[in-house]
Amino acid sequence: MKNLKKHAELLGLSLTDEQAGAFQTYLDLLIKKNEVMNLTAITDPDEAELLHFIDSISLLAKTDIPEGSSLIDIGTGAGFPGIPLKIVRPDLRITLLDSLNKRVLFLQEVINALGLTGITAVHDRAEDAARKQEHRDQYDFAVSRAVARLGTLVEYDLPFVKPGGCFIAYKSGDVAEEAADAENAIRLLCGKSEETISLTLPESDIHRSFLIIRKTQPTPKRFPRKAGTAKREPL
């Protein structure tokens, strides 16, 4: 990962040697675990650096996330973007949520290996966790990266966000069309489309957009619907 620090600097982010070392350890663990379970199709170090790590932390270059904010990463998979965000911003209080326990065990292994604190890996479905008091309407930010279309993600993520907080979707492609299709879901979940921020990842032609949705009031009790419904029948 010879370009990690350089690419971070091109985004306006500065990584210490210790942080760069943490990313290397993370990658080593990811590649090793990927031999026995499917965590990622991207195992080339340079590709992983750009498409996983730099992509994950690019949010910090374009948005204002106040110090000490709470953030939940829904459908985190192998830990993206939550763990990279934590490495760069150790002040953030982060929850990693995934429905597959094998992935959650891997996330805990990474957390332990990197000595991270203020970060928790939780095994649960988004639809079930969002109905639990410790998660519902509790987070300053919710994020999801490469999980589903926006209309479905809104139902997964917004229930976790406290009124006044934001859901931020990592997206690529025709985000205008996807955002328009999601407007009904956003309205029903008591959100308001606030901003779309676009960037190109350093020294690449890879375009990323962040769709920022502000939550205006508590989630109606009927949402989220039972597991699987949001994907089959988007609002």
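Q: Which residues does Asp140 touch, not counting residues up to four places away in sequence?
A: Contact means heavy atoms within 4.5 Å. By that rule, Asp140 touches Ser69, Ser70, Arg93, Val161, Lys162, Gly165 and Cys166. Note that this is a predicted model: local features need pLDDT of at least 70, side-chain atom pairs count only at pLDDT 80 or more, and totals for chains, interfaces and linings use all residues. Residues are numbered from 1 along each chain as its sequence is written, and side-chain values use heavy atoms, with hydrogens and water left out.

Q: With which side chain does the side chain of Asp140 make a polar contact?
A: A polar contact is a pair of N or O atoms within 3.5 Å; within protein, one must be able to donate a hydrogen and the other to accept it, and residues adjacent in sequence count only if both atoms are side-chain atoms. Here the partner is the side chain of Lys162, at 3.3 Å.

Q: In which strand is Asp140?
A: Strands (E, at least two residues) and helices (H or I, at least four) are DSSP runs, numbered from the N terminus. Asp140 sits in strand β4, residues 139-145.

Q: Is helix α7 buried or exposed?
A: Buried means under 20% relative accessible area, exposed over 50%, partly exposed in between (1.4 Å probe, protein chains only). Eight of the eight residues of α7 (150-157) are buried, so the helix is largely enclosed by the rest of the structure. Among them are Leu150, Glu155 and Asp157.

Q: Which residues touch the most other members of the largest nonpolar core?
A: In soluble globular proteins, nonpolar side chains tend to be buried together. A nonpolar core is a set of buried Ala, Val, Leu, Ile, Met, Phe, Trp, Tyr and Cys residues joined through side-chain atoms within 4.5 Å. The largest has 52 residues, and Tyr26, Ile83 and Phe106 touch the most other members. A second, separate core has 30 residues, including Val122 and Leu211.

Q: What lines the largest pocket?
A: On a 1 Å grid over the protein atoms alone, a pocket is an open set of points with protein on both sides within 12 Å along at least five of seven lines, where a 1.4 Å probe fits; lining residues have an atom within 4 Å of a point. The largest pocket has 33 lining residues; Gly75, Gly77, Arg145, Ala146 and Val147 lie nearest its centre. Helix α3 gives the most to this lining, with three residues.
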